[in-house]
Amino acid sequence: MTLAIVLAADAPAASLPTRSGEHLADRLADQLRRAGAHEVRHAAGLDELADLVDAATQPVLVTGADLVAHTAVLRHLATSPVGPTVALVLTDPPGDGHTAVREERGQVVGAGPAQALDGEATGVFGGALRVGVDDLPSLAAAARAAAAGVVPVGAPSAAAPPPAGPAVDRLFAGLAGLGVLTFAQRVRLLVAHRVGDPAGLAAAEAAVAAVDEDRAELKLSVKERDDFFTTFFVSTWSPYVTKASAKLGLGPTAVTMISVAFAVAAAVLFGTGGRLALVAGAVLLYLGFVLDCVDGQVARYTRHFSAWGGWLDTMADRAKEYVVYAGLGYGATQAGFRYGWALAIAAITLQTVRHMTDTWYGVLHDEAARRPKAVGTAGGGIGDKLNAASNRVQADTGSVSYWLKRTVVFPIGERWALIAITVALFGPLVSLYAVLAWGVLAFAYTGALRTLRARWMRVPVLDTVDATLHRDDGPLARFLPALRPVGPLALAVVAALGPAALLVAALLTRDGAEVPRWAVPVALLVLLVAGLGAGATHAGPLDWLVPAALRAGEFLFAIAVGVVGDVPPWLIFGYVFVLTLHHYDLTARLEKRQSAPPLHGGTLGWEGRSVLLALAAIVGFAGIGMATLGTYLLVVFVGSVALAWVVLPARAARASVGLVGAGGRSPG
């Protein structure tokens, strides 16, 4: 539910008659209702708006009364999934008193008079914003401060006084001054303009009428910037599938599940072998990837976003890819290659560790955008030059260097295309080799450049979240003393070396002498060194790599125990696959700003799981131990999913209905 407020203060255009004969403010109110607002109120001034916000228990959509736009623009703002608080940002030249905006990575990092931004403005406030429930107190404070012409309480002491101009601009500048994290909603293909006189109103209405709103929305369902394969081999025709899916009533979740079915069928065909089966599997894999793009396009086209849908899409993407690796590993083994499953295990481990670095580097960049003054404090150097070069390439959309940069990192579209082509032409073994070769090169390239840029940024990120949760520490790690002088990253890297050495030793002695029985506990002790960093502050410029290093250490230890204990390779793959589900659940929740999984405490932590595997290997039951622990973790994962997305929401809904039935006010 959303409350919409039309702020008519200091907006002479509010009473201008539109083409339909109604006043502009009244037409805006009607558009807000059609955009999904459950209640629309008019506020004559900022104090009245503050009173309305004080009583609100749902997100609030605020617009000035001088906005002429497609209804879809307001609907996109009201339903934007990028964050709880979102502001409309235009490329129009700023009018009298309009607030200029500076944004980085989609976040508003500066707002105020254009001259106050020192020529770094990237747009102008569009006169409309949606404010999440948690930010409503700040919105009310900004409104009262703007009404009184003072700096909002809680704003930095150096904050400039609220600028003169329309009330909605002063409101937004005050909200930004309070440090509220606000995302920018850009207008593309559709039309939105702020007007101040009859001539401006007539021109804006003509521009709105000249655009087919539904056709524009269908085009907008495709990501503005995507990777090479997706852009030229999927997005050229996927909107037709999106339109058909919407007409058939298929929601994003249904499309996601069909995509999963296609990927599973492709994996089965890859495992079956035979040229016809491999080609058919490659075609299904391509179509599955098309549907993987379509589910997001359907969500954007129909504006059906949900936390569940976002989580499911993230989890399904990884699960599909890893099921395909399993099919390739089985197919290569069936074709007579002894180490087919080993290559599949290497592929799933490499991609998971890569994805962990991708996730946390994204968090790092977002945090750097929120604190732009921290960027460059190292005095320039190679990191500064790399950052400037990267920005230049990204800005040169469509150039050869732009596409090379987007392709060399081996994104999901390129991975699926490489698998489909190589498996159809050469078979599963070559496909796995190709994925590993390109994956290693991409990991080395991105890892080196990101490390250099991160050292230049010097922005910590793990100290801004629950580090214990995202490290995936269990009770044992939290019990260990903190070895602060060394640093958590150095400890995590050293810890991963023990399992790596054990795995190498196990592989080298595979056909000869057995690995000594004391090797497993020694490798475990080395792995547990990472626990000495659990209680340390994760404020180093490279500590964003800690989760990936811990994942690498745990995965390598599990694989090494499996090799030492003669565990069937498919079982090792299955255990690692279950671990990836657990870890992707954590990162998906991080990206969606959600709390820990309900049963997270039952997952034992990376060190608890490793200790249990080591004990099973020492007593000679590595296979049984791995199967039992993997099954237990899968049950916990499924239980967490059921609790988080079915049981707890249903319980909250019943409680809400109970409050309303008892005469109380619904919290939603």
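Where is the place of Val-619? In this predicted model, Val-619 lies in the loop between helix H24 and helix H25, the latter covering residues 622-661.

## The surface patch around Val-619

With a relative accessibility of 54%, Val-619 counts as exposed, because the threshold for that class is over 50%. Val-619 belongs to a nonpolar patch on the surface that also includes Leu-612, Leu-615, Ile-618, Phe-621 and Ile-624, and the accessible area of these residues together with Val-619 is about 560 Å².

Helix H24, which runs over residues 605-618, supplies the largest share of the nonpolar patch, namely 3 residues.

## Helix H23

Helix H23 comprises the 23 residues 569-591, and the distance from its first C-alpha to its last is 32 Å, which is close to the 33 Å expected at 1.5 Å a residue. Of the 23 residues of H23, 19 are buried, so this helix is largely enclosed by the rest of the structure.

Just after H23, the backbone at Arg-593 adopts a positive phi of about 55°.

His-365 is placed in helix H13, which spans residues 340-370. Its relative accessibility is 14%, and His-365 therefore counts as buried, the cut-off for that class being under 20%.

The side chain of His-365 makes a polar contact, at 3.4 Å, with the side chain of Arg-453.

Note on methods. Residues numbered from 1 in each chain as written. Predicted model: local features only at pLDDT ≥ 70, side-chain atom pairs only at ≥ 80, totals over all residues. Heavy atoms only, no water. Patch = residues over 30% accessible without salt bridge, like charges linked within 9 Å, V, L, I, M, F, W, Y side chains within 5 Å. Areas by Shrake-Rupley, 256 points an atom, 1.4 Å probe, with all protein chains shown as cover. Salt bridge = Lys/Arg side-chain N within 4 Å of Asp/Glu carboxyl O. Helix = DSSP H or I, 4+ residues; strand = E, 2+ residues; numbered from the N terminus. Buried < 20%, exposed > 50% of the residue type's maximum accessible area, 1.4 Å probe, protein only. Expected span 1.5 Å × (residues − 1). Polar contact = N/O pair within 3.5 Å; in protein donor to acceptor, adjacent residues only side chain to side chain.
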